Amino acid sequence: MKARVTIMLKDGVLDPQGEAIRHALGGLGFQGVTGVRQGKVIELDLAASDTEAARAEVARMCEGLLANTVIEKYAVEIV
């Protein structure tokens, strides 16, 4: 089974990379972009067979290593 984790900065946390992307898009002529938030996606191959147990284990991975929960939020999707 696979898990996909999407990690984004929490609302209110400055995103300098997102702002740099927004600025670069404007320089390329894309004037309608008023905000960009940049994040990361991590895909995990899991040996688990129980979906809810896998989701809980991936959440523990996020809390312990994959996400900085002080400034980031995450979403776990079992695919």
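Here is a short chat about the core and the charged pairs in this predicted model.

Trainee: Let's start inside. Which residues make up the largest nonpolar core?
Mentor: The general idea is that, in soluble globular proteins, nonpolar side chains tend to be buried together. Here the largest nonpolar core has 12 residues, among them Val5, Ile7, Leu46, Ala54, Val58 and Ile78. Strand S1 (2-9), helix H2 (51-66) and strand S3 (72-78) each supply at least two of its residues. H2 gives the most, with four residues.

Trainee: What does Ala54 touch, leaving out residues up to four places away in sequence?
Mentor: Ala54 is in contact with Met1, Leu46, Ala48 and Ile78.

Trainee: Now the charges. How many salt bridges are there?
Mentor: Side chains of opposite charge can pair when their charged atoms come close. The count here comes to seven salt bridges. In one of them, Lys2 pairs with Asp45, with the closest N and O atoms 2.6 Å apart. Lys2 sits in strand S1 and Asp45 in strand S2 (residues 39-45), so this pair links parts of the chain 43 residues apart.

Trainee: Is Asp45 buried or exposed?
Mentor: Asp45 has a relative accessible area of 61%, so Asp45 is exposed. Lys2, at 37%, counts as partly exposed.

Trainee: And what does Arg4 pair with?
Mentor: Arg4 forms a salt bridge with Glu43 (3.0 Å, N to O). Arg4 is in strand S1 and Glu43 in strand S2, so the pair ties together parts 39 residues apart in sequence. Arg4, Glu43 and Glu77 are also linked in a network of salt bridges.

Note on methods:
Residues are numbered from 1 along each chain as its sequence is written. This is a predicted model: local features need pLDDT of at least 70, side-chain atom pairs count only at pLDDT 80 or more; totals for chains, interfaces and linings use all residues. Side-chain values use heavy atoms; hydrogens and water are left out. A nonpolar core is a set of buried Ala, Val, Leu, Ile, Met, Phe, Trp, Tyr and Cys residues joined through side-chain atoms within 4.5 Å. Buried means under 20% relative accessible area, exposed over 50%, partly exposed in between (1.4 Å probe, protein chains only). Contact means heavy atoms within 4.5 Å. A salt bridge is a side-chain nitrogen of Lys or Arg within 4 Å of a carboxyl oxygen of Asp or Glu.
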